[in-house]
Amino acid sequence: MCSCIPATDVAEMFEMSRVSRSWRGSFLTIFFVFVVAASADGALEHLRAKAGDQTQSRAVTELLRRLLGDRARDFIVSVNGSLSSDGLDMCELRSTKNNKVVAVGNTGVAVATGIYNYLKYFCNCHVSWSGDQLDLPRPLPPLTGVLRIQSQYRFRYYQNVCTQSYSTVWWDWPRWQREIDWMALNGINLPLAFTGQEALWQEVYMSLGLNQTEINQFFTGPAFLAWNRMGNLFEWGGPLPQSWHIKQLSLQFKILDRMRAFGMIPVLPAFSGIVPQGITRLFPQANVTKLGPWSHFNCSYSCAYVLDPRDPLFQRIGSLFLSQVVREFGTDHIYNTDTFNEMNPASSDPAYLASVSRAVFTTMTSVDPKAVWLMQAWLFVNDPEFWKPPQVEALLRGVPLGRMIVLDLFAESMPAYSFTQSFYGQPFIWCMLHNFGGNSGLFGTVERINLGPFEALRFHNSTLVGLGMAPEGIEQNPVVYELMSELAWRKEPVNLVKWVSLYASRRYGSMDDNLTVAWRLLFRSAYNCTIPGYKNHNRSPLVRRPSLKMQTDIWYDPADIYEAWRLLFEAAPSLLSVETFRYDLVDVTRQALQLLTAEFYQEIRDAYQAQKLSEVLTAGGVLVYDLLPELDRLLSSDAHFLLGAWIEQARSLGLDEQEAQLYDLNARNQITLWGPDGNILDYASKEWAGLMEDYYSQRWGLFVNMLVECLDRSRPFKQDTFNQAVFQVEKGFIYNQRKYPSKPSGDTYDIARRIFLKYYPHALKRLK
């Protein structure tokens, strides 16, 4: 039986107050003020849930059955779209005399969110990517009066165009179903829905006359489709099998049906102007510009062909594609496409930029007169030298006010609304980006995400219409996403110390003080990066190609991590049956060993520079032959940290061994070399079992051996020579054809205990 959170703490956390109504007595409520420009808001009124009340009620009921089993019968669910006159989601919950809880809301998402808030703050329960803690009290804790929650934001957005490649690329329907359930519980009503679009693009291109070879030279492999869609990358990791199109199309139909059943508003893709090179063969008179290379690629796999928006062919292709989208997928009238993602336009002339956005939008409205364009604002913060105020305003104002919603994608660190006058009147969504590349590692900016949305609301002439979560990769740091999603239902910032204390309790179903203190330490350290503009790429030497010039700076005091590690370890014996606790024990131990890897690296580097061979051998030997193998064994003990699961999911989508091998190479390349030659090396690094043993450890072993050889033979260490040698190791991992376990092995506690007893003293010693 789990311990319930005292009602006084719940009221304090939600800042609820008691008032009265003649028809309902006293009730708990959350008050909000909704501020947005009236003209922009009015243009978005048609973006609403399309499913009927019964369909949405049934979707929530089925969610509860999947989540709670027989205990789902303790909840009575009802959706009534007429409850909210202003379009803002709300839910009311009350107890019945026979110990059931009735939840009534205006959408399925609102009801699911209301129930999850009850589960969190009255039942001390928790749902996350890394496991659930659902030890419900019996009977359910009663509500006094009515618990009412309401969001002050029309929209709660979720995903990033890159998430489709870094996280969801290999998912099957059961995994998607679980994620959509998570979205509903966390209040998401505006999710990206990009799966399966290549099948439609293929139909469009073939109808125009392109042949299969030209199409194969355009599409990338599955793990890189996000950058193909944005015009950054072509052909690499391909060709895309026909079976891929069929499976992804089938999956998209299920995804859309379920999202809509909850009352969500799926965001579908549209045309940005990027075309295959074959278009220049079919239409030699078309005004097509070849852009320069992207990132560290050359034109073998990069250099997009962009169709001028003023060319009639632009409208033809754009309307052909969107017609296919609407015909196959239906529509909720909102579409995403991004022009010039990390690429400079052909001209900085404001008139040209306005014509681009006008043309893109016209392709939408020619098919769907009610179309709204959802656009990422990443380009403005990524290249401020090009995107100065005249250029930004031109691109944004090429679309009628209120017919575009801008995602302020990295608002927790580099908000764009503040230097664009609230996007020059276009509605925007304040987004937390948080994660780049799906990297492992504890990270958060909790102070900024706690304050930032409310600062945006108070901004002069604010056009804020929603909050969003836009990570490049998910399934990491679940605490950050629970906090961020909850803020969309708050009227002011939370008390972070109290909030995380309650989080610790419900995540494990335990009131152990050690856990509360541990999470407070984590929240003031790794989860509270305050460096302006900091991008969360895991910079640890552990997951970077070794050199003598590696960064070891961190934004927090490592003593806080080591103490949280100790507290979790001491609490472990009584909590080993709790999945969420086992995950966190592994994750915090992993973070501690990541810190110690940086310490051992510094010892190796300093000893080499001081020409102390014995010390290089000692520190290098501990790192390569004990710490990293122990970390691999620890990661092997938990299902959430397995390279084998990632590869198995990829291979399972292959129709035959040839396709399975293609997907295997895609999966391995993305998380290591990211390109044929290490073009974006280690950008999508993961601290996973298997990867630790056969990739990171091998690199470190080669590095230490080369340093020892250089000292032994009195030769200088040459980074270029090492890079050539280590590239063969990195490439060898991609093609080693080794089958990695997809199921956990080993006892997490036994391994964690051995590591703690061995390395915790090392950690304390290095703090002195």
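Modeller: Happy to. Let's begin with a facing pair: N336 stands opposite L374 in β16. Keep in mind that this is a predicted model.

Colleague: What makes β15 and β16 a pair?

Modeller: Pairing takes at least two bridges between the strands. Strand β15, residues 334-336, is joined to β16 by three bridges, so the two count as paired, and they run parallel.

Colleague: And how do you know that β16 pairs with β17?

Modeller: By that rule again: four bridges join β16 to β17 (residues 404-408), so they pair, also in parallel. Over there, Q376 stands opposite L407 in β17.

Colleague: Which residues of β16 cover each face?

Modeller: In a regular strand, side chains alternate between the two faces of the sheet. V372, L374 and Q376 sit on one side, W373 and M375 on the other, and all are buried.

Colleague: What makes up the right-handed β-α-β unit?

Modeller: It consists of β15, then helix α13 (residues 350-365), then β16.

Colleague: How confident is the predictor in the chain, on a scale from 0 to 100?

Modeller: The average pLDDT is 93, and 95% of the residues score at least 70. Residues 1-39 are below 50, though that stretch has 95 contacts in the model beyond near neighbours in sequence.

Technical notes. Residues numbered from 1 in each chain as written. Predicted model: local features only at pLDDT ≥ 70, side-chain atom pairs only at ≥ 80, totals over all residues. Heavy atoms only, no water. Contact = heavy atoms within 4.5 Å. Buried < 20%, exposed > 50% of the residue type's maximum accessible area, 1.4 Å probe, protein only. Right-handed = clockwise from strand over helix to strand, strands pointing away.
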